[in-house]
Amino acid sequence: MMDYSEAAERISRKFAKSGQTPDLKKIEGKLRRLVDEFGVQPLEAERSVTNELAKEYNLPVPGAGSSAGSGKGGGTEEKRIAEGVPGEWVTIEGKVVGLSAPASPSIAQSGIIADESGAIRFVVWAKSNAPAMTEGSWYRIESAVVDEYKGVPNLKIHSGTTIKEITEDRSLIPTPVPIHDLRPGIGGVRAKFVQEWDASHERMLQSGLLGDETGTIKFVIWREPGREKLVPGALYNIFYAQVDEFNGRLSLNLNGATILQEEGEIAVSGGEVTVTGAIVHIAPGSGIIKRCPVEGCNRALSRQNYCPVHEIQPKFVYDLRIKGWLDDGEKTHNVLIQRDVVESLTGISLEKAQEIAENNPLGMDEVFIQMRDKILGRYITCTGREIEGRLLVNACGKVAFGTQDHTALLNRAGGAPS
Amino acid sequence: MSANQKDMGRREGQFEREPARRVFAAELRECRYQFKDGEDEKSPTFVLLPSGERSNRIFIVGTLTEKTRQGEQNIFYRGRVVDPTGTFFIMAGSYQPEAMQQLAKIETPAFVAVIGKTSVYPKPDGSGVLVSVRVESITVVDKETRDLWVLDAAKHTLDRVDTYAKELTPDMLKAKEQYPTIDPSLFRKIAYDALAQIKI
């Protein structure tokens, strides 16, 4: 336990030299407040009070500077396909699981090569004079280059690359990837066709949503001879589909893929997800907003009441929403919280928010600030549907301090190292 | 605040936002090694925690004991946020106007939640380095939030220490190399002491 009067004496002595006589009782009170009420360590409290006094008596304070980081290099290494990083020279062994028509005369062959770790699209340059590969055969490809095209890794076979056919019999059982873990490139999933969408283009055969336990992803099949539509509600094993990325969202192009329908049923996360964490950011456009009143539109209007489709709408409708990031320390989730949840979370109703916005010099910004100050940095639990990387929150609550959690962690920390 | 909302949302979506790590002051203080992931100008910079996790951003809740306004033309604020294990050094300058205004408004002492970017600086007097947190946002919170954070930080610290004891991740190997004298099991004791300070 800290002896406050002794510490106060110590502090006051430091100022005696410069002819100051600080109030001992006041120092003691400040120390007591920091330690008892705010849980500050005694040494830090003493330091803090000393500095405060120094500032009061006009004495100096410290400063800081800046710094830099470092890089890395690479060589041609034998790798599993999933380990190839753009910019690297690699040697791989894999099976050609698909060939596609070359997109240009300078390309001799293009397709997909796979091993048990994953698959990658490859391109054989015409100038490389490489032997033609056949679908279904295994090859050892030495000194090829992993490249990146539109954010998707690509294996480039050039004149310095050696290709050897592997004649021994090898089997390849591709493993599906949870939808949540898909990355741009080539990927496979075991998923249910959960929702069919209207084809938005005449060249499109079908599009919709595939789902598994971990999430959902949009897919598209383009019109092509031999391509068939999927059956809504059915379960599929899909291998070597192309995972595309557009505006940070992934989708599956099934045209080059191997698709096998399977009997059975899987749970699809189209249901609810629950995430607990701290709100670490509240994005602009949160708080009170104005929406377009035109039937079926409901778009958010600009400050000048402008709807991107229906232009100026002076008879807008007010709404509340919070767009932000909920962070659990490992991953940050993009959340969109709708009106009734915003009301219960912030304690500010739409009516109240409207009153603040209309009677305050800062207008709608004032609502943003008040809501921010109420929830930023707080621990909350959000439940909702995850759609295209964003959690649409329909219920949420503040996390309360749990004595059991505290005890469990104390036991875990105090236990022998495992 | 509203004109280019749409663009911002789209841009944010393209990147995976860096998570805010939970770390006690006593561990963050030991950081010396900072690196960039990728050669791109915009590649994120990480501080390597001694327990072997990379941190670009952290989330802390503690007591703001002190704040100072500095600079003439380029005004910035420095502050100290203490947790049960030590002190975080925070700063907010004119490049973070919102954070600076938030910090300027807060009266010390107060419990605060801080989200910020971590970096390692050489000390001006050349006597080693200083780890500081550039504030992205700071808000006043209550004691319960502080206690929740202590649980959260203890949990993540123990997770790291346990993983370190079982199987080293690439970042943990790097940490072993960069911090040869630090035994991460030390942070287990620090987490215990921090938890023990919560009064019920």
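Predicted model: local features only at pLDDT ≥ 70, side-chain atom pairs only at ≥ 80, totals over all residues.
Residues are numbered from 1 along each chain as its sequence is written, and chains are lettered from A and ligands numbered from 1 in the order in which they are written.

Let us start with chain A. Chain A has seven helices and 21 strands; helices (H or I, at least four residues) and strands (E, at least two) are DSSP runs, numbered from the N terminus. Of its 418 residues, 32% are buried, meaning that 20 or more other C-beta atoms, placed from the backbone, lie within 10 Å of the residue's own.

Now find helix H2 (residues 24-38) and helix H3 (residues 42-56) of chain A, which pack at an angle of about 135° with their axes 9 Å apart. Axes here are lines fitted to C-alpha atoms over the stretch in contact, and angles run from 0 to 180 degrees between N-to-C directions. On the H2(A) side, the contact is made by A:Ile27, A:Lys30, A:Leu31, A:Leu34 and A:Val35. H3(A) brings A:Pro42, A:Ala45, A:Glu46, A:Ser48 and A:Val49. Residues are in contact if their C-beta atoms, placed from the backbone, lie within 7 Å.

Next, look at helix H4 (residues 339-346) of chain A. Which of its residues are buried? They are A:Val341, A:Val342, A:Leu345 and A:Thr346. Seen down the axis of H4(A), these residues fall within an arc of 110° (taken from the directions from the helix axis to the C-beta atoms), so they line one face of the helix. An α-helix has 3.6 residues a turn, so residues three or four places apart point the same way. The buried residues of H4(A) pack against strand E18 (317-327), strand E19 (332-337), helix H6 (364-375) and strand E21 (390-398) of chain A. After H4(A) comes A:Gly347, with a positive phi near 75°.

Finally, turn to the partner chain. In all, 60 residues of chain B are in contact with 53 residues of chain A. The largest share of chain B's side, twelve residues, comes from H4(B).

Key. Contact = placed C-beta atoms within 7 Å. Buried ≥ 20, exposed ≤ 12 C-beta atoms within 10 Å, placed from the backbone.
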